[in-house]
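Let's take a quick tour of a protein model. Have a look at it first, then read on.

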Amino acid sequence: MPDDLADGGLARHPRGWRVAPAPDGRGTPPAQPSDLRRPRFGRFGWVVLVLLAVNWLSVLLFAHPPAQPRVAIPFSPVFLQDVPAGRVKSISSTADTINGTFTSTQRYPPTSKSATPTTLFSTQVP
């Protein structure tokens, strides 16, 4: 048993005085580092850590860029003509950017032989 608690829980001062803690806690000896409880990582923490690692690895291994490039087309007149003509299958917009899919593979500019054929496009609303 430690010397400071040998007298029935009364702490002993370095000069030999016996000190009893006051009801409000004054005079209580400071907590020793071994008395403080560290939070435990436990099984739950390891499970969460493993799931995060699996998620990260799956993104690295399975997230591929689209197989075909997204061609930038002008909003006016190309996009505004393609929609009523039925050449646009679907669109999604964020702010002033419109990304979409053509109904069939197209090249832009249409007269260019070096343009890559694609079904994906993007345009900016003016």
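Predicted model: local features only at pLDDT ≥ 70, side-chain atom pairs only at ≥ 80, totals over all residues.

Residues are numbered from 1 along each chain as its sequence is written, and side-chain values use heavy atoms, with hydrogens and water left out.

**The sheet**

- You'll find 4 strands in an open sheet with mixed pairing, and their order is β3-β6-β5-β4.
- At the edges sit β3 (70–72) and β4 (88–94), each pairing on one side only.
- On average, neighbouring strands of this sheet are turned by 30° against each other, direction ignored (axes are lines fitted to C-alpha atoms, and angles run from 0 to 180 degrees between N-to-C directions).
- Strands here are DSSP runs (E, at least two residues), as are helices (H or I, at least four residues), numbered from the N terminus.
- Two strands count as paired if DSSP finds at least two bridges between them.

**Who pairs with whom**

- β3 runs parallel to β6 (residues 118–124), with 3 bridges between them, and Arg-70 stands opposite Leu-120 in β6.
- β5 and β6 are antiparallel, joined by 6 bridges; Gly-100 has Phe-121 in β6 as its bridge partner.
- β4 and β5 (residues 97–106) are antiparallel too, with 6 bridges, and Ser-93 faces Ile-98 in β5 as its opposite number.
- The hairpin of β4 and β5 has 2 residues between the strands, and Ala-95 there takes a positive phi near 55°.

**A buried residue in the sheet**

- Is Gln-106 buried or exposed? Gln-106 counts as buried because its relative accessible area is 19%, and buried means under 20% (exposed is over 50%, partly exposed in between, with a 1.4 Å probe and protein chains only).
- Gln-106 lies in β5, and beyond its neighbours within four places in sequence it contacts Asp-82, Arg-87, Thr-116, Pro-117 and Thr-118 (contact means heavy atoms within 4.5 Å).

**A patch on the surface**

- Trp-56, Leu-57, Leu-60, Leu-61 and Phe-62 make up a nonpolar surface patch, together showing about 610 Å² of accessible area (from the Shrake-Rupley method with a 1.4 Å probe; for residues, only the protein chains shown count as cover).
- Patches use residues with over 30% relative accessible area and no salt bridge, joining like charges within 9 Å and nonpolar side chains (Val, Leu, Ile, Met, Phe, Trp, Tyr) within 5 Å.
- A salt bridge is a side-chain nitrogen of Lys or Arg within 4 Å of a carboxyl oxygen of Asp or Glu.
- Leu-60, one of the patch residues, lies in helix α1 (residues 42–62) and counts as exposed, at 51% relative accessibility.
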